[in-house]
Amino acid sequence: MISSIKICLKAIMALIMTIVVGLTSGAAGVSSTKTPDEKEYEQVKNVIYFIGDGMGPLHLEKAKQERNIKLVMDTFPYQGRSMTRSLSNKVTDSAAGGTALSSGIRTYNGAIGVYMYDPIHIQSNPKSITELCHENGMMTGVVTTDKTSGATPAAFTAHSTARNLDFDISAQQLNSDFDLIWGQSSDYVTKSKAEANGFTFVSTYDEMMAVESGERSFAQFDSELWHVNQVNAQTPTLSQMTMKAIDVLDDTDEGFFLMVEGAHIDKNSHSNIDAGMTEALDEFDRTIALALEYAENDGETLIVITADHETGKIVLNADGTYSFTQTSHSDTNVPVLVYGSDTFIEDGEVLNNFEIPIRIAYSLGFDETQFPSVTVKF
Ligand SMILES: [Zn+2]
């Protein structure tokens, strides 16, 4: 009796998933002239995936104007846009946005790497690009200025029905096989728990710099990681964390996957703090400049820069200045900037957010049977 109910539920779930998958791939067909499986992707060894949380196109313009700077992001050879909506809302949050960018599927706001229409969890979770890379022998890591259990790093390292389940997300990260998880300290991560699963525990700049190539590490820094200048000698900046992370992960012939999040573009945009947003964006761009230098020398590294959503709905004023017009996320399309592949995106192309990790997977030599895992598997 119970088993026949379960079989029946599975059949219903299969039907729902068929419809959902059909709908989402239909949407992709409308917005994108070519689907990933119809074109050849230039093959790369390493991927550095930058996510400027909350970073819309006018965030770049505002930062350039107010800080009187040029941005390395503007020099990227291929520039397109991403449509960021989630499956549940026109305006996404960082959890659903992060899941689209990590797993190649759309889900509901608040969801970390889980399907929307699977409330009793009949299906296995959608595979993240991080998991795909790890399973295939690549080194994998995430670096963020947010707490390590924040929605964006969580979407790349965990699966949870709710983004605020910090305990669950941290436990999954601590029990994971990923090589490097670095960010602001999270309530449930302790040195002993990290060491129990073979991570070297790091909490200062000196300890971070002492991590050796190929060594697995879990970093918990204090809360001021995002500033351009260190607030104390033991607090690394985003660029310091990122360059050290590349150094640690660039250790095998299989290559590495690194996600880097600049979380404070979003946080300062929520509070409409101009100077904070532009400082965070400046440091994000400085980090990209260093990664670009690495990629130019390496010659086998793909850099993809995007955002999970725009925050603050910045507008261009009549006097030529830029202003925030709200304190929440918006549905504005966000930049997709690419270096290291001539086939990843066409200049000016507009894609769905979930297509980005799919194209990353294709660029790493994976195919449609491996990613995304949207087919129902019982
Ligand atoms: Zn936000």
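User: Let's start with the largest cavity. How does its lining divide by class?

Analyst: A lining is read by sorting its residues by side-chain type. Keep in mind that this is a predicted model. Here the lining of the largest cavity has six nonpolar, three polar and one charged residues. The residues are T145, W226, L238, G262, A263, H264, I265, A280, E283 and F284.

User: Which elements give two or more residues to that lining?

Analyst: Those are α10 and α11. The largest share, three residues, comes from α11. As for volume, the largest cavity comes to about 50 Å³, and the structure holds one cavity of 30 Å³ or more.

User: Now the second largest pocket. What lines it?

Analyst: With a pocket, look at the residues by the centre, then at the elements they come from. This one is lined by 15 residues, and D146, G150, A151, R163 and K267 lie nearest its centre. At least two lining residues each come from β3 (139-147), α5 (151-157) and α10. By class, the lining has eight charged, five polar and two nonpolar residues. The volume of the second largest pocket is about 160 Å³.

User: Is D266 buried or exposed?

Analyst: D266 has 8% relative accessibility, so it counts as buried. H270, at 30%, is partly exposed.

User: On to the nonpolar cores. Which residues touch the most other members of the largest one?

Analyst: The largest nonpolar core has 46 residues, and I48, W182 and I305 touch the most other members. Helix α11 (residues 274-298) contributes the largest share of this core, nine residues. Another core, of 40 residues, lies apart from it and includes V47, I51, C133 and F199.

User: Where does I51 lie?

Analyst: I51 lies in strand β1 (residues 46-52). Its relative accessible area is 0%, so I51 is buried. I51 also shows how sequence and space can be read side by side: G98 is 47 residues away in sequence, with the two C-alpha atoms 8.9 Å apart.

User: Last, the backbone. Which residue has a positive phi of about 55 degrees although it is not a glycine?

Analyst: Here you check the angle, then the place in the chain. That residue is N68, found in the loop between α2 (57-67) and β2 (78-83). N68 is exposed, with a relative accessible area of 70%. K313 also has a positive phi, about 40 degrees, without being a glycine. K313 lies in the loop between β9 (310-311) and β10 (315-316), and at 31% relative accessible area K313 is partly exposed.

User: Which residues does a cis peptide bond join?

Analyst: Omega is the angle to check. The cis bond joins F371 and P372, with omega about -5 degrees. P372 is in the segment after α12 (355-363).

Key
Residues numbered from 1 in each chain as written. Predicted model: local features only at pLDDT ≥ 70, side-chain atom pairs only at ≥ 80, totals over all residues. Heavy atoms only, no water. Buried < 20%, exposed > 50% of the residue type's maximum accessible area, 1.4 Å probe, protein only. Core = buried A, V, L, I, M, F, W, Y, C linked by side-chain atoms within 4.5 Å. Helix = DSSP H or I, 4+ residues; strand = E, 2+ residues; numbered from the N terminus. 1 Å grid on protein atoms, 1.4 Å probe; cavity = no way out; pocket = protein on both sides within 12 Å on 5 of 7 lines; lining within 4 Å. Points joined across faces, edges and corners; volume = space filled by probe spheres on them. Nonpolar A, V, L, I, M, F, W, Y, C, P; charged D, E, K, R; others polar.
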